[in-house]
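Welcome! Let's take a short walk through this structure, one part at a time.

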Amino acid sequence: MTIAFVVNGRPVVLETDPLRRLIDVLREDLGLTGVKEGCGEGECGACSVLIDERPALACIVAVGAVEGRHVVTIEGYQERDLFRKVASAFSETGALQCGFCTPGMIIAAGALIDACSDPDEETIREALSGNLCRCTGYNRIVQAVMRASRETKEPSSL
Amino acid sequence: MTVRDDAWAKCCGKAGYMDELSFPGMLHVMVVRSQLPRAGIRSVHVPAVASGYYVIDSTDIPGRNVCAILKQDFPLLAEDRVSFAGQAILLIAGPERDRILEINDGIRIDYEPEEPVITIEDAEEGRIPPVFGTDNVIASIGFERGDVEKTFIESARVFEDEFRTGYQEHLYLETLRAIAVPEEGRMTVYGPFQIPDIVPVAVSIPLGWNTDRIRARVTTIGGAFGGKMETTTQITCLSALAAYVTQRPCSIVYDREEDITTTSKRHPSRIRIKSGVDQNKRVRAVKMDIDLLGGACFGSSAVVLDSSVKMATGPYRFENVSVRGRALATNHIMPGATRGFGVVQTTFAIETHMSHVARQLGIDPLDFRLGHVLKQGDRTSTDAVLRDQVKIPEIVKSVDAMSGYRAKRGRQAGSDATVKKGIGIALYSFGAPHTVKGTLRARPRPLILRRTGSGDVVILTTITELGQGIVTVFREIASRILDIPIERISMDNPDTDRDPSTLGTGASLGVTLFGKSVERAARKLKDRWDEPGEIEVMEDYVEPGYLEWDDKRVVGDAFHTYSWGAVAVEVSVDLLTCEVQVTGVWAAHDIGRPINDRLAEGQVDGALVQGLGFGLMEVLESKEGILQQSRLRDYTIPTMRDIPAIRQFFVINPYSEGPFGAKSVGEIPTIGAAAALGEAVADALGIEVGRLPITPEYLLDLVRAKEASS
Ligand code: FES
Ligand code: FES
């Protein structure tokens, strides 16, 4: 079946099984290996992408379901000003260790900051509870998200 | 403070992980595994396979059918019998995953089931034929100081407890994987190897090759926690075997289920403690019997047990001590190295026991424990003199100031009719590095500092970055000594063809032992800085000269030094559901003088949460030898919502032998969290906890038993 959608701003037309997982199409057919697989069953958030600007888990979405829609992976997301702010906050706060959760975490955190300009600690812990991290104990991730959200309120220096 | 050099690449998901790697013509490999914990294999039926597909069994192994961990006692692929569910029997290799699955569906293995050894009791009773040797004892170690039995007789009171702890999965977010690439008489194996040095040795055995024909290249590691040490030998040997047979690059990727059900974990334990207390309410004698539930072969259980036994009595001094430890074989996957080694289990036991005894004696549990804490100049349980200052009192003071422990303790239970609050504290210590004459085998472990012609410095070593930040710490040490910007110092993922074999990221060695080598190498390099062209300095580790160790008698300096810590955990327990919510975590540690506070704090945060997960929610049970939890849906680890903000502090206590005074931090914060959690629950509900994890079902039983008895 032919499936047409937009990935990171570029139109993509693929001849493939519509039931294939979106994560496999992104990683294997399109080479977007920044999308990580931690569980393959919607439990860890490592495969977070944006579908029409909403965070979604690419391991539990069939590629047929994104027909005509806009998918953004970390490769596209990293062009955004918000990514730079969140990634700087993560780096400077020490919110990453092995880094395997980080791209998914940044996409989820960015979506939260977009939806809520000044999230408090509880809101962050609730909103990002679908993104697992085994290394950091979350402490510094929460601090980084707060810092990034503060910075988005200030005019960009970039 | 220095930002780690891999931060930006990791934010972008392009840091050189295995999942970014692919080779032309690469085949996927699936491992066909035993469904039964113990059985003879009567026959294996393999369907005809299309060209380009391969089914590989033990007869295809050109060398010896051995998967070498510490001993060479285990087959790489099962021949005529299986000893645990998940044991590898066959490999299926080919270009398309769907076709591989079809082939798998057509394979029939006819088993002759046998009664498996499942529990510690099964293993020690001897009713079922043994899995290992004649008595299932994989390893045993023990010692006695003073006269324990005599002191019990003289004691005013004697207390006994039994503790049980379960499996804990490492749950690194990147599952295990390996790719083997055949190259003109050689083989290169790529993977997230925590200790790449062991890969060529392991792969050489089934291939029947010399080790110099095998090259291990480490990809960026997506978390390890001890789970990518010895466990990687199996997957690398299997991928190398497939590559040998097919002469194509061969990739094995475990999905989460395969990773949880077939790789190593923290050893479950049963720990019995007996203590004798005198008229003055001092513990005069302690006897500990530690039994770790092992797998079907030697694995690395002996190493884990070694830490359990040598650190069994925690941060306390008892005049009469007897510790006996065993690792017992059962028909399960091999448990193995896991952050905190066997000290997480023993710390839970000794802390809970001490608090229990204190309550029986009517003394405040914290005061009681503080009254028994080791001091500088005291002798440890292995009869080593503690040379360095022990700052447990300052550590506890700091935790109390942050948490309000003393003000809160025992005053919160009546707070609410349906929700009870409680707070607990645990004290602990962790010895690192191990004394080489004892546990570590004596051999060179060099690293190299190379100054290039352009004045940049490269650190060459097989020490691996697991996320803990060792690369940043090594660069920082070299930068301070050489007085050049850290950006000019680099350290890549290891390659056994290029790097000297430093052997060993693990056991909290990295900073204290090898960071010191970096420091010494940098000093030598600095002296030669004016020489033209490229300069190389090779430096081996040096043990402090004062260490003495008698392995036979288990006497002396088991470790170079000790890190110390305390953590307070606050909980609220819902009386209806018995669910425990952690509402506060405060910790302080003496890790010498940290090199990089932010990285060290990150280690503490992550380790505390891993320890809390172990104590609270990470349930992994075996039923008849089959693990009942196999995915993230049923094996749940803490999420952001399960854990509150953590506050912590470092009590500075520079260690004269460490680089810039640093001691180890990687493991120690893991070991006290579950014990503090247990104490908090005990405080909230007025019960005594004896088992981890503290699930709602278990708590409900305890609460009911308490109600029934009152
Ligand atoms: S890989 Fe998609 S949620 Fe875990
Ligand atoms: S940094 Fe390793 S899982 Fe989050």
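## Domains

Domain bounds here come from an automatic or database domain assignment. On that basis, chain B is divided into domain 1 (24-114 + 170-262), domain 2 (269-435 + 553-709) and domain 3 (447-539). The C-alpha centres of domain 1 and domain 3 of chain B lie 34 Å apart. Even so, 19 residues of domain 1 of chain B are in contact (heavy atoms within 4.5 Å) with 15 residues of domain 3 of chain B.

Chain A has its own assignment, with domain 1 (2-76) and domain 2 (81-153). Their C-alpha centres are separated by 21 Å, and 14 residues of domain 1 of chain A touch ten residues of domain 2 of chain A.

## How to read the model

This is a predicted model in which local features need pLDDT of at least 70 and side-chain atom pairs count only at pLDDT 80 or more, while totals for chains, interfaces and linings use all residues. Residues are numbered from 1 along each chain as its sequence is written, chains are lettered from A and ligands numbered from 1 in the order in which they are written, and side-chain values use heavy atoms, leaving out hydrogens and water.

Helices (H or I, at least four residues) and strands (E, at least two) are DSSP runs, numbered from the N terminus. Two strands pair if DSSP finds at least two bridges between them.

Look for strand 1 (residues 2-7) and strand 2 (residues 10-15) of chain A, which pair in the antiparallel sense over six bridges.

## An open sheet in chain B

In chain B, three strands form an open sheet in the order 4-2-6, with antiparallel pairing. Its edge strands, strand 4 (81-82) and strand 6 (108-113), each pair on one side only. Strand 2 (residues 39-45) of chain B is joined to strand 4 of chain B by two bridges, and Ala39(B) has Val82(B) as its bridge partner.

Helix 15 (residues 597-616) and helix 16 (residues 673-685) of chain B pack at an angle of about 50 degrees, with their axes 7 Å apart. Axes are lines fitted to C-alpha atoms, for helices over the stretch in contact, and angles run from 0 to 180 degrees between N-to-C directions. Angles under 35 degrees count as roughly parallel, over 145 as roughly antiparallel, 65 to 115 as roughly perpendicular and the rest as oblique, so helix 15 and helix 16 of chain B are oblique to each other.
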